[in-house]
Amino acid sequence: MVQITFISPDGAERRTVDAPPGITLLKLAHFEGVDMEGTCGGQMACATCHVILGDAWIDAVPPPSDEELDMLALAPDVEPGSRLGCQIVVTEALDGLEARLGPC
Ligand code: FES
């Protein structure tokens, strides 16, 4: 199991959960009851799964596709670590990942 920490948008709350490799951050959040919206269900059509990865983790995940970048451009308050949670697939290399939920 890999440990992933979700952080509330204001940084006040942290929740670390076990994640099976292969699951997306969006599906993990929904499974664990973390408040990540994900309106389109992972079809890259909403950006409501916006997460901001901790600085140390930005280069640990594969770079975003052009389609992901296009959708992120519609998200509010995008930061260098911004990604779509539905596009981040958990791997063993992401053990300890911290992902702050983006503002909706
Ligand atoms: S869930 Fe809609 S873009 Fe990720």
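How many disulfides does a search of the whole structure find? The search finds 0 disulfides, where a disulfide is a pair of cysteine sulfur atoms within 2.5 Å.

Before we go on, a word on the ground rules. This is a predicted model, so local features need pLDDT of at least 70 and side-chain atom pairs count only at pLDDT 80 or more, while totals for chains, interfaces and linings use all residues. Residues are numbered from 1 along each chain as its sequence is written, and side-chain values use heavy atoms, with hydrogens and water left out.

Let's stay with cysteines for a moment. Cys86 is buried, because its relative accessibility is 9%, whereas Cys40 is partly exposed because its relative accessible area is 23%. Buried here means under 20% relative accessible area, exposed means over 50%, and partly exposed is in between, with a 1.4 Å probe and protein chains only.

Helices (H or I, at least four residues) and strands (E, at least two) are DSSP runs, numbered from the N terminus.

Which residues other than glycine have a positive phi near 55 degrees? Met44 is one of them, and Asp77 is another. For context, most residues other than glycine have a negative phi, and most peptide bonds are trans. Met44 sits in the loop between α1 (25–32) and β3 (50–53), and counts as partly exposed because its relative accessibility is 22%. Asp77 belongs to the loop between α2 (66–72) and β4; with 55% relative accessibility, Asp77 is exposed.

Is Ser82 buried or exposed? Ser82 is buried, because its relative accessibility is 6%. You will find Ser82 in strand β4, residues 82–84. Its side chain makes a polar contact with the side chain of His50 at 2.8 Å. A polar contact is a pair of N or O atoms within 3.5 Å; within protein, one must be able to donate a hydrogen and the other to accept it, and residues adjacent in sequence count only if both atoms are side-chain atoms. Leaving aside neighbours within four places in sequence, Ser82 is in contact (heavy atoms within 4.5 Å) with His50, Val51, Ile52, Leu72 and Asp77.

Thanks, everyone!
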